[in-house]
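Hello,

Here is the structure I promised to pass on to you. Have a look at it first, and then read my notes below with the picture open beside you.

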Amino acid sequence: MSSKHQPTPRIGLALGSGAARGLAHIGVLKVLEREGIAVDCIAGTSIGAFIGALYAAGVPVAQMEESAIGIDWKKLARLLDPVIPTLGLLDGQKVLSFMAELLPATTFEELRLPLAVTATDVDSGEALVIRRGNLLDALRAAISFPGIFPAVRFGQRFLIDGGLCHPVPIDAVRTLGADRVIAVCAIPQVEKPLREDYLPTRREEDQAPSGWFFSLHPHHIEARLRELWQKKNAHPDEDPSNRRSRRGTPSLLKVCAQSIAIMENQINDLRLEQNSFDLLIRPDFGDITLLEFHRAREAIAAGERAASTLVPELRKITTKSLHRP
């Protein structure tokens, strides 16, 4: 059989978790579009699910980049309503409304490309792949970072971030019929023992945030939560400087974020060893940390650089015909 009659491969894109670093997915998409490499299906975890949904809905990559860079992240941070910490530290309803404004689709069936979104059942620990129904509910579950956002009811289940089971959803995109899988990992490789690469070591607690939150930087959020707690529990005669001098135990936000970061690194290494992919794109993020969304331009550029260096490999796996009997 001549090559011109051989079937062309279905290209699947697996976009992983990574919070602010996941904005690198936009840079990867820029390179794919620039090189004329068409994507046939997408699976996403956490922020990868949101960016994948935008792309599957037909939102231009240039518009994604413009939005990510142009968003007032300080203003967006004020959408994260602090709630009594019994379900989660932050209420995700306003974040859901924010996503709805950017997405031109509300269901999976309205998307232009097949999309799979991963989540985790908080009771059973089961990894779930959502492919139909309400897109916004699925995305809200996909980004529900444990301990920070409440678990999301989805049917009879309560779901949280899919990164706990599938930091890079390679298997999920295979379920959509992908013949070739391009995996994008926004979780940096770290040396063992794991350093605090996800969170900055510089203390910024002495910088008082303005309004509810100053930015999505973790120490600003920590400082605000600590301020609220101290006001609630302060003794009327106690000197505030004495309370500050007693700090030392990591905050709840830092413990939650760092714990998940450690687990995801371990799980991710195992998954990448076990799962079959054709190409892995893993950007170098330098010192960009977990919640530094205000550094969107740098994160996008990191993804673009990583994908650009792999253009020959991208062309090889996406143009090579399938050999089927």
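Let me start with a pair of helices: where α1 and α3 cross, the crossing is left-handed. The two axes cross at roughly 155° and come within 9 Å. Since angles over 145 degrees count as roughly antiparallel, α1 and α3 are therefore roughly antiparallel to each other. If you want to find the place on screen, α3 covers residues 61–70. From α1, the residues I26, L29, K30 and E33 make the contact, and from α3 they are V61, M64, E65 and A68. Sorted by class, this contact of α1 with α3 has five nonpolar residues, three charged ones and no polar ones. Please keep in mind throughout that this is a predicted model.

Now a step back to the whole chain. The protein chain has 325 residues, and 52% of them count as buried. You will find 12 helices and 10 strands in it. Take the contacts between residues at least 6 apart in sequence: 76% of these join residues at least 24 apart. The chain exposes about 15,600 Å², and carbon and sulfur atoms supply 53% of that area.

Helix α1 (residues 24–34) and helix α11 (residues 296–308) have axes that come within 6 Å and cross at roughly 45°. These two helices are therefore oblique to each other, and their crossing is right-handed. On the α1 side the contact is made by A24, I26, G27, V28, K30, V31 and R34, and on the α11 side by A299, I300, G303, E304, A307 and S308. By class, that gives seven nonpolar, three polar and three charged residues in the contact of α1 with α11.

How many of the residues of α1 are buried? Eight of the 11 are, so α1 is largely enclosed by the rest of the structure. The buried ones are A24, H25, I26, G27, V28, L29, V31 and L32. After α1 comes G36, which has a positive phi near 70°.

That brings me to phi in general. Most residues other than glycine have a negative phi. Two residues in this chain are worth a look with that in mind. A19 is not a glycine, yet its phi is positive, about 55°. You will find A19 in the loop between β1 (11–15) and α1. Its relative accessibility is 17%, so A19 counts as buried, the cut-off being under 20%. S46 is also a residue other than glycine with a positive phi, near 55°. S46 sits in the loop between β2 (41–45) and α2, and at 9% relative accessibility S46 counts as buried.

Helix α2 (residues 47–56) packs with helix α6 (residues 135–142) at an angle of about 150°, and their axes are 8 Å apart. So α2 and α6 are roughly antiparallel to each other, with a left-handed crossing. Here A49, F50 and A53 in α2 meet L135, L139 and A142 in α6. The residues of this contact are six nonpolar, with no polar and no charged ones.

A141 belongs to helix α6. Is A141 buried or exposed? A141 is buried, with a relative accessible area of 0%. Apart from its neighbours within four places in sequence, A141 is in contact with A119, V152, L159, I160 and D161. From A141 to F158 the sequence separation is 17 residues, while their C-alpha atoms are 8.4 Å apart in space.

The other residue is L102, in helix α5 (residues 93–102). L102 is partly exposed, with a relative accessible area of 27%. Not counting residues up to four places away in sequence, L102 touches F50, L54 and V59. L102 and Q63 are 39 residues apart in sequence and 9.9 Å apart in space, C-alpha to C-alpha.

Enjoy exploring, and write back with any questions.

Best wishes

Key
Residues numbered from 1 in each chain as written. Predicted model: local features only at pLDDT ≥ 70, side-chain atom pairs only at ≥ 80, totals over all residues. Heavy atoms only, no water. Axes fitted to C-alpha atoms, helices over the stretch in contact; angles between N-to-C directions. Helix = DSSP H or I, 4+ residues; strand = E, 2+ residues; numbered from the N terminus. Parallel < 35°, antiparallel > 145°, perpendicular 65-115°, else oblique. Left-handed = near helix turned anticlockwise from the far one by under 90°. Contact = heavy atoms within 4.5 Å. Nonpolar A, V, L, I, M, F, W, Y, C, P; charged D, E, K, R; others polar. Buried < 20%, exposed > 50% of the residue type's maximum accessible area, 1.4 Å probe, protein only. Areas by Shrake-Rupley, 256 points an atom, 1.4 Å probe, with all protein chains shown as cover.
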